Amino acid sequence: MKSNAILKGCVGVAVKKDAPRIVVQGGGRLAGELSVQGAKNSILPLLSATVLCQGESVLHNCPNLSDSDAACRILNCLGCKCVREANAVTVDSREVLNTDVPKDLMREMRSSIVFLGAILGRTKQCRLTFPGGCELGPRPIDLHVMALRKMGVNIEEEGGFLNCNAPKGIHGAYISLALPSVGATENIILAAVTAKGTTEIQNAAREPEIIDLAEFLNKCGAKISGAGTGTIVIEGVEKLGGAEHTVIADRIVAATYLCCAAITRGELILKNVDFRHISAILPVFEQMGCSIYTYNDNQIYINAAKQLHAPYKITTSAHPGFPTDAQPMFMALASTLKGTTVFVETIFDNRFRHAQELRQLGAKISVNDRVAVVEGVERLIGADLEATDLRGGAALVTAALFADKTSTITGISHIERGYDDIVGNLQKIGAKISSN
């Protein structure tokens, strides 16, 4: 994104002829302080929510990511106006002139489906394709469709497109989700805030990003209660105005930098992070033998200088459990610790794609369906690696920091979807890392 400029265009990012890469000279110890960026998984639904606001909204602490760039271009295609200045994005959504989202933009990021509920809430009609993003196995949107149909939306699939309309308007409904889907919870909230009547979501997702979305919408005039619990109630209002809001810190980015510090047996202070959002992660570092402290409500200190050992088992689950997005970086870390760690993945079918790349560094990892067994080794050796998804790419960077010699990582467009200048931040705390 360009600073202080209207973010224009309805087309995807062009592919560069020369594939960019990250080069890491491992073996050094990281130490210092970092401030954590705004949350990727929060800014995307927040940007989509501005479609509902018949006014101007300002979002602070907005990370500079390819995904947030794509979201802003979707907004422009709808008729909104987005302007970025430093880490603030201003969205003027007084006019929404279009209800179709371009196919190429939908397929750039998985979270683009969250525009469905927002556009329907504002215009009562929408046409878009199935979303893209990381290939982590099936992530069907049947829960989204089921819920919206209960709210009076007609949805037909035709040639890979979803044609949606609510000629009689959207109404409140009682919706019990089969699983606490984050995306479905967000879409229901976005469609419900200006619907007629009351909507109740049972088994709602509890992630901090859901709370952040609800807080922003309430500032805009919505009536949402229960966000962060399993039951969310939305009382529909006639319309929303704009508001000013600061995006919460990215808990997965925080986990990544903590893993980078631990794998190099380093010392790090993270600022601008709510440690309550990673309450399932911090005890794992303690089990490994790291010294870790939280203070001032928004800072985390980790010291991994002493001998570390592998945690026995890490099982991913919906929030407040151990986040699946943090699993790849912890696998990279576990591959360097004394002992054996069993990883059980309960969210996605194909979440161990990074294991093969870690093996190229010398990691000992065996995978059987949704279970991976990692035997720690004393040494990793640099290699040429390819990132195949966002968090898997971050895991490769993490492992490369420990490895002897030099590692080269391609496919870094995946990493750029969720990390705002990961190279520059790691350089600040002593990493020998560059990109070209």
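Author: A salt bridge is a side-chain nitrogen of Lys or Arg within 4 Å of a carboxyl oxygen of Asp or Glu. The model discussed here is predicted, and the structure holds eleven salt bridges.

Reader: Which residue forms a salt bridge with Asp325, and how far apart are the closest N and O atoms?

Author: The partner is Arg351, with the closest N and O atoms 3.0 Å apart. Asp325 lies in the loop between strand S18 (313-315) and helix H10 (327-334), and Arg351 in the loop between strand S19 (340-344) and helix H11 (354-360), so this pair ties together parts that are 26 residues apart in sequence.

Reader: Are Asp325 and Arg351 buried or exposed?

Author: The term buried applies under 20% relative accessible area. Asp325, at 17%, is therefore buried, and Arg351 counts as buried at 4% relative accessibility.

Reader: Which arginine of helix H12 pairs with Asp325, and what does the pair tie together?

Author: Arg391 forms a salt bridge with Asp325, the closest N and O atoms being 4.0 Å apart. Arg391 lies in helix H12 (residues 390-402) and Asp325 in the loop between S18 and H10, so the pair ties together parts that are 66 residues apart in sequence. Arg391 is also buried, with a relative accessible area of 2%.

Reader: Where do Asp404 and Arg379 lie in the chain?

Author: The side chains of Asp404 and Arg379 meet in a salt bridge of 2.4 Å, N to O. Asp404 is in the loop between H12 and strand S23 (406-410), whereas Arg379 is in the loop between strand S21 (371-375) and strand S22 (384-386); the pair links distant parts of the chain, 25 residues apart. Asp404 is partly exposed, with a relative accessible area of 28%. Elsewhere, salt bridges that share partners join Lys40, Asp67 and Arg417 into one network.

Reader: What is the phi of Lys124, and what is that of Asp297?

Author: Lys124 has a positive phi of about 70° although it is not a glycine. Lys124 lies in the loop between helix H4 (115-123) and strand S7 (125-129) and is partly exposed, at 27% relative accessible area. For Asp297, phi is near 65°, a positive value in a residue other than glycine. Asp297 is found in the loop between strand S16 (291-295) and strand S17 (299-303) and is exposed, with a relative accessible area of 63%.

Technical notes: Residues are numbered from 1 along each chain as its sequence is written. This is a predicted model: local features need pLDDT of at least 70, side-chain atom pairs count only at pLDDT 80 or more; totals for chains, interfaces and linings use all residues. Side-chain values use heavy atoms; hydrogens and water are left out. Helices (H or I, at least four residues) and strands (E, at least two) are DSSP runs, numbered from the N terminus. Buried means under 20% relative accessible area, exposed over 50%, partly exposed in between (1.4 Å probe, protein chains only).
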